[in-house]
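Morning, everyone. I have one model to walk through today. Have a look at it while I talk.

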Amino acid sequence: MNKTELRIHTWPEKILRKKLKKVDEVDANIRQLLDAMVELMVAKNGIGLAGNQAGLDLRLVVLYHDERFFKLINPEIIKKEKKIMSPEGCLSFPGLEVEVPRFERVWVRALNENGDKVSYEAEGLLAIIFQHEIDHTNGLTFVDRLSFLNRLKKRKILKKIEAQTKSLLCDLYQGRT
Ligand code: CO
C-alpha cells in the first residue's frame, strides 16, 4: 500500500466548514490515516490536528501533549466546567493568534486506534486542545468562537490567509507544487 500523502488545508477551504463523518469501523485503513496525520502534525510543529485539516471527511483527531501522542476516533465532549479565555493558533490559519472563550476542564469520550472506548478528564492545555480539535470535527474553527468585534479586528490577516490559500490551490491544480 502506498504511503498516505496528506496536506494541511487552510482557510477558507470548504472542508474546514464540514461536520465530519463518524467512523463506523476502526480498521487498518483508519490506523494508517491516523499515523499519516501524526506525521503531518509533527512536520508542521503542531500540537493537534483534526481530520478535515488533513483533507479527510472523518471524525479523527491526533494531538501531542506531555510527551505523548493521542489518536482519537469519534471524540466528543460530554461535560465541561468553568469558562476561561485561551490564546490559540491553528495550522489552518497560519499567522493568526486569537483569544478564544473555552472551558478549563472537559471530559472527553472517544475510541482509540484499537477501537476500544476511552475517556479522559483533562484540564489546562490538554483540555484546550481537545476543545479546539473537536470543534474542527464539527466544522467549527476558532474564528467562529470570536465575538463580531474581535473577528472584525482580525479581518486583515484573515484576508491575507484567504489570498495565500487561493494562490496555493491555484498552484496545486496546475501541478506546479
Ligand atoms: Co485548528
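Ground rules. This is a predicted model, so local features need pLDDT of at least 70 and side-chain atom pairs count only at pLDDT 80 or more, while totals for chains, interfaces and linings use all residues. Residues are numbered from 1 along each chain as its sequence is written, and side-chain values use heavy atoms, with hydrogens and water left out.

The sheet, then. Five strands form an open antiparallel sheet, in the order S1-S2-S3-S4-S5. Strands here are DSSP E runs of at least two residues, helices are H or I runs of at least four, and both are numbered from the N terminus. Two strands pair if DSSP finds at least two bridges between them. Which strands sit at the edges? Strand S1 (48–50) and strand S5 (117–123), each pairing on one side only. On average, neighbouring strands are turned by 35° against each other, direction ignored. Axes are lines fitted to C-alpha atoms, for helices over the stretch in contact, and angles run from 0 to 180 degrees between N-to-C directions.

Look at S4 and S5. They pair in the antiparallel sense over seven bridges. Val106 stands opposite Ala122 in S5.

Now the helices. H1 (residues 28–43) lies across S1, strand S2 (60–65) and S3. Its direction runs at about 45° to S2. H2 also packs on the sheet, touching S1, S2, S3, S4 and S5. H2 makes about 85° with the direction of S4. Contact means heavy atoms within 4.5 Å.

H1 has 16 residues and spans 23 Å from its first C-alpha to its last. The expected value is 22 Å at 1.5 Å a residue, taken as 1.5 Å times one less than the number of residues. After H1 comes Asn45, with a positive phi near 60°.

What does H1 bury? Its buried residues include Ile30, Leu33, Leu34 and Met37. Buried means under 20% relative accessible area, exposed over 50%, and partly exposed in between, with a 1.4 Å probe and protein chains only. The buried residues of H1 pack against S1, S2 and S3. Arg31, also in H1, is partly exposed at 30%. Beyond its neighbours within four places in sequence, Arg31 contacts Val26, Glu113 and Asn114.

On to the cores. A nonpolar core is a set of buried Ala, Val, Leu, Ile, Met, Phe, Trp, Tyr and Cys residues joined through side-chain atoms within 4.5 Å. The largest has 18 residues, and Met37, Leu49 and Leu60 touch the most other members. H1 gives the largest share, eight residues. Leaving aside neighbours within four places in sequence, Met37 has contacts that include Leu6, Leu49, Leu60 and Val62. A second, separate core has 16 residues, among them Leu72, Val108, Ala127 and Phe130.

Last, the metal. Which residues coordinate the cobalt ion? Cys90 through SG, and His132 and His136 through NE2, at 2.1 to 2.2 Å. Donors are N, O and S atoms within 2.8 Å of the metal (3.2 Å for Na, K and Ca), and sites may look incomplete because water is not among the atoms. Along the chain the spacing is C-x41-H-x3-H. Cys90 lies in the loop between strand S3 (68–88) and strand S4 (98–111), and His132 in helix H2 (residues 124–137), so the pair ties together parts 42 residues apart in sequence. Cys90 is buried at 10%, and His132 is buried at 7%.

Questions, please.
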